[in-house]
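Thanks for sending this one over.

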Amino acid sequence: MSKQETRSPLPGIFYRKATPDSPPYKNDGDAVAAGDTIGLIEVMKSFHEVKAEVSGSAIRFVVDNEDAVMAGDVLAEIEG
Amino acid sequence: MAVKVIKPGLATSVQDLGRPGYFHLGIPIGGAMDRLALRAANLLVGNDEGAAALEAVFVGPELEFTADTVIAVTGADMPLKIDGEEQPGWTTLAVKRGQVLSFGFLKSGARIYIAFAGGVDVPVALGSRSTYVIGALGGFNGRPLAAGDELPIGNGGPARVGRSVPQALRRTPGRPAELRVLPGLYWHRIREESQASFFDDGWKVAPEADRMGYRFRGGRPLSFVEREQPFGAGSDPSNIVDSCYPYGSIQVPGGTEPIILHRDAVSGGGYFMIGTVISADMDLIGQMQPNTPTGFVKVTMDEALKARADRARLLDDVRSAVD
């Protein structure tokens with residue numbers, strides 16, 4: 001099984017949901033397709049979608065909702 | 001010659017040293033958030049220090065060159081690549097027609113400056129080529145760059161490839177970042193314990209921080225000296241009768257989250273200001289990422305003036321180093 005890391009392109013705050021009341025974009029163990037949104041980064045008063053670069057059978061998040069992240073931090077791992 | 005924008009980055013804009021002289025009319029001074037880095041990039045490519053360059057925040061753009069030219073990238077530590085091959089920052093680099101400049105993940109700092117020999121040749125608006133996005137003024141059509149834009153570049157003179165600014169002359173904020181502050185006209189509005197806690201407490205850059213202002217969180221709220229609010233001031237104790245807001249001034253709406261006004265700030269309003277960040281430290285703010293731990297250090301006017309003189313000497317050293 002190959003593992004791909006999805007990294008944050010930006011520093012900011014990571015959110016796993018589109019709004020506080022929405023379900024998370026993805027739960028641990030969900031399958032993902034390349035281009036799926038897996039979370040948001042908030043910085044400079046705007047929100048930027050983070051998309052999966054690869055498809056995989058299961059995603060596992062390594063950063064919690066509302067955690068502060070730096071550019072290049074691994075947000076999630078996707079198993080091929 | 002032109003530069004084609006393949007990917008624009010997050011908010012990449014044309015900036016020079018700004019448009020002082022219109023702040024009293026509500027037009028911000030604008031210009032590079034880290035002016036030392038902009039000047040250094042221009043010097044490296046043989047431009048006037050105040051020529052227009054690109055400022056990119058957090059994410060670098062991807063650019064293609066339509067002619068051979070000379071470039072330099074300064075500011076934040078973000079790996080830069082020409083046709084995929086990593087190249088040094090703070091160094092004069094030759095690029096060939098058709099080559100592509102791209103960037104890796106930001107490592108430290110916040111903003112890079114990309115200078116081109118000849119400078120970015122967009123029209124001058126109110127004395128400057130700087131982009132003021134909220135006012136749709138200056139820069140490339142008054143906005144950040146978008147994919148597909150073709151950015152006009154002026155004609156450059158000769159520049160010696162391979163020159164670089166020594167590491168010792170590059171400036172980045174420490175961790176924690178320290179910003180020196182001169183208490184201001186409204187210092188008497190807060191209680192003694194808050195005059196102390198503001199400087200004693202640890203703060204962090206909030207994610208909202210941008211070219212208008214840098215917001216901070218984490219320190220104790222300020223408590224105000226009680227008074228009957230004067231005519232014209234709002235009802236919150238952090239309100240004052242409207243006043244001018246200097247570049248670098250720190251307002252604390254509601255006494256909770258300090259905001260340092262930066263290059264694209266509003267010029268006046270009704271919030272009290274605890275003081276002003278000294279001019280020598282304003283460039284550092286431009287290199288601070290969200291969540292950067294920050295402390296404020298109280299200084300006197302004499303210390304501020306000495307810091308300004310030190311900063312002027314640093315710029316002279318940069319000029320000599322790339323001469």
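1. Helices (H or I, at least four residues) and strands (E, at least two) are DSSP runs, numbered from the N terminus.

2. A word on the ground rules. This is a predicted model, in which local features need pLDDT of at least 70 and side-chain atom pairs count only at pLDDT 80 or more, while totals for chains, interfaces and linings use all residues. Residues are numbered from 1 along each chain as its sequence is written, and chains are lettered from A and ligands numbered from 1 in the order in which they are written.

3. Back to the strands. Strand 5 of chain B and strand 10 of chain B run antiparallel, joined by six bridges. Strand 5 of chain B also runs antiparallel to strand 8 (residues 93-95) of chain B, here through three bridges; strands count as paired if DSSP finds at least two bridges between them.

4. Next, the interior. A nonpolar core here is a set of buried Ala, Val, Leu, Ile, Met, Phe, Trp, Tyr and Cys residues joined through C-beta atoms within 7 Å. The largest one has 104 residues, and those with the most contacts inside it include Ala41(B), Ile71(B) and Tyr113(B). Helix 1 of chain B gives the most to this core, seven residues. Both domain 1 (2-164) and domain 2 (177-314) of chain B supply at least three residues each to this core.

5. Ala41(B) deserves a click. Leaving out residues up to four places away in sequence, Ala41(B) touches Ala53(B), Ala72(B), Val73(B), Thr74(B), Tyr113(B), Ile114(B) and Ala115(B). Contact means that the C-beta atoms, placed from the backbone, lie within 7 Å.

6. How is chain B divided? The domain assignment gives domain 1 (2-164) and domain 2 (177-314); such bounds come from an automatic or database domain assignment. Taken over C-alpha atoms, the centres of these two domains of chain B are 29 Å apart. Their contact takes 19 residues from domain 1 of chain B and 12 residues from domain 2 of chain B. On the domain 1 side, helix 1 (35-44), strand 5 (69-77) and strand 10 (108-116) of chain B each give two or more residues. Strand 10 of chain B has the largest share of that side, with three residues.

7. Now chain A, which has zero helices and seven strands. Its radius of gyration, taken over C-alpha atoms, is 12 Å, which agrees with the value near 12 Å for a compact globule of 80 residues (the rule is 2.2 Å times the number of residues to the power 0.38). Buried residues make up 31% of chain A.

8. Finally, where do the chains meet? Contacts link 13 residues of chain A with 13 residues of chain B. Strand 2 (12-15) and strand 3 (37-43) of chain A each supply at least two residues to the chain A side. That side divides into eight nonpolar, two polar and three charged residues (nonpolar being Ala, Val, Leu, Ile, Met, Phe, Trp, Tyr, Cys and Pro, charged being Asp, Glu, Lys and Arg, and polar the others, Gly among them).

Methods: Contact = placed C-beta atoms within 7 Å. Buried ≥ 20, exposed ≤ 12 C-beta atoms within 10 Å, placed from the backbone.
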